[in-house]
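Here are my notes on the aromatic and nonpolar side chains of this model. Please read them with the structure open.

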Amino acid sequence: MNSKDQIKADNRAFDSSFFFIGILLSLLFLAATTLIIYFKQITEGMEDSERFQVMQQVGMSHAEVKKTIHRQVWLIFFLPLLVALLHVAVAFPMMTKLLALFAINQTQIFLLATLLVATAFVLIYLLVYFLTVRVYFRLIER
């Protein structure tokens, strides 16, 4: 028979390992996704630089080129993010039921955590987006 303290320690160890695995996988997938999209856009920027130079020679203004670049990168960056947020929204009821299997019934806290994590992902995506646009624009200007 285990003591009450031993059961609490075992539960804490289980919860901590579950939490660590979740954070590790989240960071890994976030880094992989953003880096793949970043390098894909940079590669496309190298390929598109000649096309944008031709468009500027034909009469496209500097502002129009910048607007086109922002629109193109915005679309490539944020469509996957919007799909991911949609998946989280649709999967939220199932995730609360799965957490209930582990005796975690605090839906309010889980909702708040989900919203905070989604906000953090959006902010990180915005940071990488602006970095990508800046590098992309530099490639085009060469």
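1. Start with F102. Its relative accessible area is 42%, so F102 is partly exposed (buried means under 20% relative accessible area, exposed over 50%, partly exposed in between; 1.4 Å probe, protein chains only).

2. Two cautions on the basis of these notes. This is a predicted model, where local features need pLDDT of at least 70 and side-chain atom pairs count only at pLDDT 80 or more, while totals for chains, interfaces and linings use all residues. Residues are numbered from 1 along each chain as its sequence is written, and side-chain values use heavy atoms, with hydrogens and water left out.

3. Next, ring pairs. Rings of Phe, Tyr and Trp (its six-membered ring) pair if their centres lie within 6.5 Å; planes under 30 degrees apart count as stacked, over 60 as edge-to-face and the rest as tilted. The count by this rule is 10 aromatic pairs. One of them is F14 with F18, which is stacked, at 6.0 Å centre to centre and 10° between the planes.

4. Where do F14 and F18 lie? Both are in helix 1 (residues 4–58), four residues apart, about one turn of the helix. Helices (H or I, at least four residues) are DSSP runs, numbered from the N terminus. F14 is partly exposed at 41% relative accessible area, and F18 is partly exposed at 43%.

5. F14 also pairs with F102. This pair is tilted: 5.7 Å centre to centre, 40° between the planes. The pair links distant parts of the chain, 88 residues apart: F14 is in helix 1, and F102 is in the loop between helix 2 (62–101) and helix 3 (107–141).

6. F14, F18, M94, L98, L101, F102 and I104 form the patch, with about 710 Å² of accessible area together. Patch residues have over 30% relative accessible area and no salt bridge; nonpolar side chains (Val, Leu, Ile, Met, Phe, Trp, Tyr) are joined within 5 Å. A salt bridge is a side-chain nitrogen of Lys or Arg within 4 Å of a carboxyl oxygen of Asp or Glu. Areas come from the Shrake-Rupley method with a 1.4 Å probe; for residues, only the protein chains shown count as cover.

7. Which helix gives the most to the nonpolar patch? Helix 2 does, with three residues. I104 lies in the loop between helix 2 and helix 3.

8. Elsewhere, W74, F78, Y125, Y129 and F130 form one aromatic cluster.

Technical notes: Helices (H or I, at least four residues) and strands (E, at least two) are DSSP runs, numbered from the N terminus. Patches are made of residues with over 30% relative accessible area and no salt bridge: like charges are joined within 9 Å, nonpolar side chains (Val, Leu, Ile, Met, Phe, Trp, Tyr) within 5 Å.
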